[in-house]
Each structure stands twice: as structure tokens, then as C-alpha cells.
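The following briefing concerns the structure shown below. It begins with a salt bridge and then turns to the fold, the surface and the helix packing.

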Amino acid sequence: MTRLIFYLILLGFTAWSLYRFLKRDGLLPGAKTVPKAKKPNPGDNWVQVYETASSDEARQIQARLQEEGMECIVYQQGKKDIHGNVLKGVGIAVPKSSVSLAQKIISRLPV
């Protein structure tokens with residue numbers, strides 16, 4: 001009797017492991033696959049669409065743009081420009097092909 005219980009537990013664990021493996025790889029019908037994040041290509045032309053002094057605000061806008069499926073990067077600007085003026089601090093850039101969509105999304109965000 002204990003052998004039977006042991007084999008049933010072993011069979012159940014094997015079936016569960018197989019199910020998790022197939023679900024993760026998207027081989028089961030109806031399983032949703034998680035798209036892998038694309039790394040931004042540094043050779044593409046990127047355009048700054050927003051500038052702020054708060055890194056928290058920049059991260060919120062980045063999250064909103066990524067919810068819409070857009071690639072974007074948040075970067076910290078240098079300390080001073082060529083004229084000696086202090087820069088605000090944080091910028092958000094998107095690929096040149098996505099500039100108009102990004103500006104529309106940012107303009108609809110609550111202030």
C-alpha cells in the first residue's frame with residue numbers, strides 16, 4: 001500500500017513538472033507566452049521626448065510607455081551643458097519612429 005501511494009505521488013509530481021515545463025515554453029494550447037524584452041539598439045536614432053528633475057516621475061512615464069508596448073530608456077543627463085547651465089537631470093528617449101505616439105501618450109498623462 002505504501003508503494004502505491006509513493007508511486008502515485010511520484011507520478012503526480014512528474015505530471016505537474018511536465019505541465020509547468022510545457023506551459024512555460026508556450027507549447028500547451030491556450031498558454032500565453034511572455035515576450036522577451038528587446039534590448040535597445042544603440043545604432044538607432046533615439047529622440048528625447050520628456051525631461052524632468054525627478055527620477056520617480058521619469059520611471060512612472062517609462063512604465064506607462066512600456067504598457068503601451070513602446071521601447072524607451074531613462075537616462076541621467078550630465079551636470080552642465082556647454083554653456084555652463086545646470087541641466088534638470090533625467091530624460092526619457094524613444095526611437096525616432098515612435099516620437100509622435102510617445103508625445104500623445106505623455107500629453108494625456110495627468111499632471
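Glu 67 and Arg 64 form a salt bridge, their closest N and O atoms lying 3.5 Å apart; the term denotes a side-chain nitrogen of Lys or Arg within 4 Å of a carboxyl oxygen of Asp or Glu. The model is predicted: local features need pLDDT of at least 70, side-chain atom pairs count only at pLDDT 80 or more, and totals for chains, interfaces and linings use all residues. Residues are numbered from 1 along each chain as its sequence is written, and side-chain values use heavy atoms, with hydrogens and water left out.

- Glu 67 counts as exposed because its relative accessibility is 62%, the classes being buried under 20% relative accessible area, exposed over 50% and partly exposed in between (1.4 Å probe, protein chains only).
- Arg 64, at 28% relative accessibility, is partly exposed, and Glu 68 is partly exposed at 38%.

**Fold and burial**

- The chain contains three helices and three strands, defined as DSSP runs numbered from the N terminus (helices H or I, at least four residues; strands E, at least two).
- Along the sequence, these elements follow the pattern α-β-α-β-β-α.
- Of the chain's 111 residues, 19% count as buried.

**Helix packing**

- The axes of helix H2 (residues 55-67) and helix H3 (residues 99-108) come within 11 Å and cross at roughly 120 degrees, with axes fitted to C-alpha atoms over the stretch in contact and angles running from 0 to 180 degrees between N-to-C directions.
- H2 is therefore oblique to H3, since angles under 35 degrees count as roughly parallel, over 145 as roughly antiparallel, 65 to 115 as roughly perpendicular and the rest as oblique.

**Trp 46**

- Trp 46 lies in strand E1 (residues 46-52) and is partly exposed, with a relative accessible area of 21%.
- Trp 46 and Pro 95 are 49 residues apart in sequence, yet their C-alpha atoms are 4.3 Å apart in space.

**Ile 9**

- Ile 9 is located in helix H1 (residues 2-25).
- With a relative accessible area of 58%, Ile 9 is exposed.
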